[in-house]
Amino acid sequence: MGIWLQKSASWWPAKGPVETSRLLSGAVARRASELTRLCAHVMGETIDELPAAMPIVFGSCLGSVSLLFSLVDQMAEDEGGISPIRFSGSVHHAPMSSIGIAARHTGFVSAVAANDDLCAMVLIEALGVARQEGEVLVVVADEAWPAAF
């Protein structure tokens, strides 16, 4: 077994607004968290089109944690509860789920969270998936740690 990179990497250093990616449809793009928009942008630079069945391994320690904190604030201020649409974007694998829905992706998706060992665990997961499936798209993304942490 060997590893061959078709395209190596793309990087978004969080400077300036993120353009809407062609991987996100209008409705999904409007509801997408910043982390989801960043992932879609970087994926769009790395692959021309997301193949429907290509397996994806997504790694993130925190996911869209800024959205989670805004939902907690909303719960504290509003007795009516939180927005179900915003809540669905706060789960760990939401960036890949949102992109997958918009791009009509039907393949395997795995989400990994492993703190300091994240990159190593994502690579181990990707190797296992590649051995089974032949190829895999690997996406690793995180937001800055909130001051509360």
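In helix α2, the residues Leu35, Thr36, Leu38, Cys39, Ala40, His41, Val42, Met43, Gly44 and Thr46 are buried, where buried means under 20% relative accessible area, exposed over 50% and partly exposed in between, with a 1.4 Å probe and protein chains only. The model is a predicted one, in which local features need pLDDT of at least 70 and side-chain atom pairs count only at pLDDT 80 or more, while totals for chains, interfaces and linings use all residues. Residues are numbered from 1 along each chain as its sequence is written, and side-chain values use heavy atoms, with hydrogens and water left out.

Because 10 of the 13 residues of α2 are buried, this helix is largely enclosed by the rest of the structure. Its cover includes β1, α5 (94-102) and β3, helices being DSSP runs of H or I with at least four residues and strands runs of E with at least two, numbered from the N terminus. Helix α2 itself comprises residues 34-46 and reaches 18 Å from its first C-alpha to its last, close to the 18 Å expected at 1.5 Å a residue; the expected span is 1.5 Å times one less than the number of residues.

The strands form an open sheet of three, in the order β2-β1-β3 and with parallel pairing, where two strands pair if DSSP finds at least two bridges between them. Since β2 (109-112) and β3 (137-140) stand at the edges with a single partner strand each, one side of each is left without a neighbour in the sheet. Neighbouring strands are turned by 15° against each other on average, direction ignored. Strand β1, residues 56-59, pairs with β3 in the parallel sense over four bridges, and phenylalanine 58 has valine 139 of β3 as its bridge partner.

Across β1, β2 and β3 lies helix α6 (residues 118-133), which runs at about 170° to β1; axes here are lines fitted to C-alpha atoms, for helices over the stretch in contact, and angles run from 0 to 180 degrees between N-to-C directions. Within α6, Leu118, Val122, Ala126 and Val129 are buried. They cover an arc of only 65° around the axis, which puts them on the same side of α6, the arc being that of the directions from the helix axis to the C-beta atoms. The buried residues of α6 pack against β1, β2 and β3, contact meaning heavy atoms within 4.5 Å, whereas the face turned away from the buried side carries the exposed residues Leu123, Ile124 and Arg131. Just after α6, glycine 134 takes a positive phi of about 100°.
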